[in-house]
Amino acid sequence: MADAGDTAAGRLSAAELDRNFADIHPPLDRKQALIEASRCYFCFDAPCIEACPTDIDVPGFIRKIATDNVKGAAITILEQNIMGGACARVCPVEILCESACVRTAQEAKPVHIGALQRYATDWLFEQDLQPFARLPLTGRRVAVVGAGPAGLACAHRLARLGHVVKIIEARTKAGGLNEYGIAAYKVPEDFAQKEVDFILGVGNMMLEFGRALGRDYTLAALRRDYDAVFLGMGLAGVNALQLDGEMLTGVMDAVAYIERLRQTPDKAKLEIGRRVVVIGGGNTAIDIAVQAKRLGAEDVTIVYRRDGERMTATGHEREFAQINGVKIKYWARPVRLIGHQGRLKEVEFEYTQLDGQGRLATTGDRFTLLADMLFKAIGQTLVATPLKDGSADLLEMRDGRIVVNADRQTSLPDVWAGGDCVPGQDLTVSAVQDGKLAALAIDRHLRNA
Ligand SMILES: Cc1cc2nc3c(=O)[nH]c(=O)nc-3n(C[C@H](O)[C@H](O)[C@H](O)COP(=O)(O)OP(=O)(O)OC[C@H]3O[C@@H](n4cnc5c(N)ncnc54)[C@H](O)[C@@H]3O)c2cc1C
Ligand code: SF4
């Protein structure tokens, strides 16, 4: 008989699951928002603006909240960042605007900029208002590949500027990782789709679902048929551990599992191991570990090959994992996946250290962890094959990403790119900024052509 291992669905009751996947940061009410807004010094040359990748006028919108002009506050935010609602929920503010807030240096308690941003943008969404108008049609058409944060931000700005935009999206829903990847408790209640509807509400955009560059379109054809192209295709590939046993049942890709978790209507039906091991050091590792725990896994351990300071997950995220009962083990890497009857049973690790030149080396000392499931969270990669048709041979790539200039223009003069598929910080807010800057540059290019 096949060994089913200690993996099971429904480890927790429906009520426990509802609680575990509810909003981790409940919204501010009006009184709380007014009190929080009153803590802002409305600094001249405010460092929080400088720290925001989308240049939101933070003191400007906080002042509007303080004077009960919530609509004005929301417009100030959305003018710079059309995904201000998502970013208020998912931005690592502890390393961006809130870390730069002067109150952080003064009293280690920043103005809660993210919470105030959410207060204003949620208010606007609740009123079902469409604050942006479109300029007259220019007669120009732009193709956008990918309906993630980068593609949607680019498409929205182009549409407002009067261009007609066709968005080609390989999946059946828009939103990219906001819909399929971000931890469920950060964006509950179908927020990602509400935001997509709001963005598309400005008009001039046609979305084609289930159509992919590389399969249904070539880059050469898009360049021929449209006045400009924006590539916002994210990182669709995942890195492998390159160990024997990677095909064992129970060894999974973290992003694929999170996608199932985000899309399932009933989390009680998702199987999760009793003992879970996560390999990686970024936010994906933290997210899968915490969500595994919240699905009812008893023992969840993240193993990372370096120390906490070198993890890309922020200190705040690491602390959040530990509060959720996740263990983090540093200085070790997996060397063997041990199975029984085709199913993962144990993972063997080797301790690591830095050698005299600061390079990662193994020590020779080994240990094993029992594991019913192992999640790989060791990074994603750009799937570049869709870009490789005749004309795209000229598309310059470096370190597996598309090379762009400050305007997010690629080496092809009519092709722009942004978000995770170009070098930079892999964050929602950076993808939105890339999309916005590319749209402004495309608009200048089309008007001057
Ligand atoms: C598990 C996880 C958790 C994260 N958590 C956070 C967080 O808490 N905070 C934060 O700021 N960031 C987070 N990020 C990062 C953030 O989600 C990304 O930086 C952001 O989504 C990048 O946006 P994008 O538009 O470039 O790519 P994506 O969001 O990946 O969107 C790309 C879109 O292109 C489509 N596509 C791909 N290939 C093709 C093709 N050939 N043809 C047509 N369409 C195609 C995809 O289906 C997708 O819809 C997380 C990432 C992951 C993986
Ligand atoms: S740095 Fe802090 S106090 Fe100053 S304007 Fe920004 S949010 Fe307000």
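My entries on this structure follow, starting with how it was read.

**Ground rules**

I am working from a predicted model, where local features need pLDDT of at least 70, side-chain atom pairs count only at pLDDT 80 or more, and totals for chains, interfaces and linings use all residues. Residues are numbered from 1 along each chain as its sequence is written, chains are lettered from A and ligands numbered from 1 in the order in which they are written, and side-chain values use heavy atoms, with hydrogens and water left out.

**Entry 1**

I took helices and strands as DSSP runs, numbered from the N terminus (helices are H or I, at least four residues; strands are E, at least two). For burial I used relative accessible area: buried is under 20%, exposed is over 50%, and partly exposed is in between, with a 1.4 Å probe and protein chains only.

I looked at helix α12 (residues 191-200) and found it largely enclosed by the rest of the structure, because 7 of its 10 residues are buried. The buried ones are Phe191, Ala192, Gln193, Glu195, Val196, Phe198 and Ile199. Helix α5 (residues 70-80) came next, with Val70, Gly72, Ala73, Ala74, Thr76, Ile77 and Leu78 as its buried residues. Those buried residues pack against α4, α6, α9 and α12.

Which two helices does the Phe125 and Phe191 pair tie together? The rule I used pairs rings of Phe, Tyr and Trp (its six-membered ring) if their centres lie within 6.5 Å; planes under 30 degrees apart are stacked, over 60 edge-to-face, and the rest tilted. That rule gives 7 aromatic pairs. One of them is Phe125 with Phe191, stacked at 5.8 Å centre to centre with 10° between the planes. Phe125 sits in helix α9 and Phe191 in helix α12, so this pair joins parts that are 66 residues apart in sequence. Both partners are buried: Phe125 has a relative accessible area of 19%, and Phe191 has 6%.

I also checked for charges over rings (NZ of Lys or CZ of Arg within 6 Å of the ring centre and within 35 degrees of the ring normal). Arg89 lies over the face of Phe191, 3.7 Å from the ring centre. Lys267 does likewise over Phe21, at 5.4 Å from the ring centre. Phe21 also belongs to a cluster, linked by ring pairs with Tyr185 and Phe320.

**Entry 1: cavities and a pocket**

The search ran on a 1 Å grid over the protein atoms alone: a cavity is a set of points where a 1.4 Å probe fits but cannot get out, a pocket is an open set with protein on both sides within 12 Å along at least five of seven lines, and lining residues have an atom within 4 Å of a point. Points are joined across faces, edges and corners, and volume is the space filled by probe spheres set on them.

I found 3 cavities of 30 Å³ or more. Of its 17 lining residues, Cys52, Cys91, Val93, Cys97 and Gln117 are the closest to its centre. Helix α9 gives the most to this lining, with 3 residues.

**Entry 2: Leu446**

Is Leu446 buried or exposed? It is buried, because its relative accessibility is 3%. Leu446 is in helix α17 (residues 428-448). Apart from neighbours within four places in sequence, Leu446 is in contact (heavy atoms within 4.5 Å) with Arg140, Val142, His163 and Asp227.
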